[in-house]
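Subject: Structure for your review

Hello,

Please find the structure below, followed by notes on what was found in it.

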There are 2 protein chains.
Amino acid sequence: MSESPEKDERHRSRMQRKKAVVDEKIAQAQGEQGVFLVHSGNGKGKSSSAFGMVARALGHGMRVGVVQFIKGAASTGEEAFFRRFPEEVSFHVMGEGFTWETQDRQRDIAKAQAAWGIARQLLNDPQVGLVVLDELNIALKHGYLELDTVLADIAARPPMQHVVATGRGVLPAMVEAADTVTEMGLVKHAFKAGIKAQKGVEF
Amino acid sequence: MSESPEKDERHRSRMQRKKAVVDEKIAQAQGEQGVFLVHSGNGKGKSSSAFGMVARALGHGMRVGVVQFIKGAASTGEEAFFRRFPEEVSFHVMGEGFTWETQDRQRDIAKAQAAWGIARQLLNDPQVGLVVLDELNIALKHGYLELDTVLADIAARPPMQHVVATGRGVLPAMVEAADTVTEMGLVKHAFKAGIKAQKGVEF
């Protein structure tokens, strides 16, 4: 909040150099294509970031498909909200809550396979600009789906379609295949301080 | 994908133990209160995760306020989308692009201060269930706002209101004050592989 002209000038000079670097990087990155993103890690924000991308895509007039592989026994806020736009968002909740709620591996496998059937339809549809595969990483980690099948279907999607796969415990082959990978790291969580899951934050 | 009963039984037993741990944690966490979240780090997803929370909150019928401190010279997809709901979302874009575009420190400070004036109104309004302070961390890092004022206004908000502050380079005092902190770490970025910023992903 200093008013010193020297500080302002240093700032201007530093920002000019930064702008030159950013402009150069933008000039180099000219490929137009669909992007495959992975959100993993133990922190918050893996799914909500994917749902923020849904809002962003809708703002650009794109059509969106969502498949929830594990969560969804409880209706979440995002689901309630995005179901308001049935023409623009195709929303599929295939899981039956977390696997430690069901404790039935064969049923989890059957559900995950059915979910992948829906995902494959979306990944085949060039009208769909963004496909969200929510908690896919968990289904893969538990071996509920064939990794090779999943990677092949993602690779064969329409060239301009974006895909985002979420969930902790991502397999190395998914990181290898993805264009952009973010690890949401847990620094601090309200839950551990005795605050229970809050509407609008956790669900 | 094994059909072996032993593997299924091991899975069931492991998931039962996990369920017991999760149920115990839920039983302990009973505080009902607004949560203050921080999204920082160099990876993607800080802002889009906050916008996913907006969708979630709207799904629960909450009212939402958004203040963008730095970004917003270009109209983003999220802005275009959430401006469809003027009764539910109060959306304020106060910055004029990244600071390395403007290169004018005094103007950046004036804009940030004006943005905080709007933020303070939202933080005073018990009708607003979620306040998004997008790129606030950057404004604080550059010293465009008084940290003590910001922390005091956040602490004095209505008890059930949630706040999420985004941006890389979060100050330690913000981490200290927050209930939940997520560090979005960059593992891999399409930009570096020569793919330019894509509609629906980066903007």
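Over all chains, the count comes to 10 salt bridges. This is a predicted model, and every value here is computed from it.

In one of them, Glu78(B) pairs with Arg56(A), with the closest N and O atoms 2.5 Å apart. The pair joins two chains, because Glu78(B) belongs to helix H3 (residues 77–82) of chain B and Arg56(A) to helix H2 (residues 46–59) of chain A. Glu78(B) has a relative accessible area of 2%, so it is buried. Arg56(A) is buried as well, at a relative accessible area of 6%.

Another salt bridge is formed by Arg56(B) and Glu78(A), where the closest N and O atoms are 2.5 Å apart. Here Arg56(B) sits in helix H2 (residues 46–59) of chain B and Glu78(A) in helix H3 (residues 77–82) of chain A, so this pair also joins two chains. Both Arg56(B) and Glu78(A) are buried.

Arg84(B) forms a salt bridge with Glu88(A), and the closest N and O atoms are 2.9 Å apart. Both residues are in loops: Arg84(B) lies between H3 and strand E3 (89–93) of chain B, and Glu88(A) between H3 and strand E3 (89–93) of chain A, so the pair joins two chains. Are these two residues buried or partly exposed? Arg84(B) counts as partly exposed because its relative accessibility is 38%. Glu88(A) is partly exposed too, with a relative accessible area of 23%; the cut-off for buried is under 20%.

Next, the surface charge. Lys7(A), Arg10(A), Arg14(A) and Arg17(A) gather in a patch of positive charge on the surface. Of these, Arg10(A) is found in helix H1 (residues 5–28) of chain A. Arg10(A) has a relative accessible area of 53%, so it counts as exposed, the cut-off for exposed being over 50%.

As for the fold of chain A, there are 8 helices and 6 strands. Along the sequence they follow the pattern α-β-α-β-α-β-α-α-β-α-α-β-α-β. Chain A has 203 residues, and buried residues make up 52% of them.

In chain B, strand E5 (residues 162–166) is mostly covered, with 5 of its 5 residues buried. In a regular strand the side chains alternate between the two faces of the sheet. Which residues of E5(B) lie on each side? His162(B), Val164(B) and Thr166(B) are on one side, Val163(B) and Ala165(B) are on the other, and all are buried, so both faces are covered.

E5(B) is paired with strand E1 (residues 36–40) of chain B through 4 bridges, and the two run parallel. His39(B) has Thr166(B) in E5(B) as its bridge partner. Strand E4 (residues 128–134) of chain B is likewise joined to E5(B) by 4 bridges and runs parallel to it. In that pairing, Val131(B) stands opposite Val163(B).

Ala110(B) is partly exposed, with a relative accessible area of 47%. Ala110(B) and Tyr144(B) are 34 residues apart in sequence, and their C-alpha atoms are 8.0 Å apart in space.

Regards

Technical notes:
Residues numbered from 1 in each chain as written. Chains lettered and ligands numbered in written order. Predicted model: local features only at pLDDT ≥ 70, side-chain atom pairs only at ≥ 80, totals over all residues. Heavy atoms only, no water. Patch = residues over 30% accessible without salt bridge, like charges linked within 9 Å, V, L, I, M, F, W, Y side chains within 5 Å. Areas by Shrake-Rupley, 256 points an atom, 1.4 Å probe, with all protein chains shown as cover. Salt bridge = Lys/Arg side-chain N within 4 Å of Asp/Glu carboxyl O. Lys, Arg positive; Asp, Glu negative; His and termini not counted. Charge placed at Lys NZ, Arg CZ, Asp CG, Glu CD. Buried < 20%, exposed > 50% of the residue type's maximum accessible area, 1.4 Å probe, protein only. Pairing = 2+ DSSP bridges.
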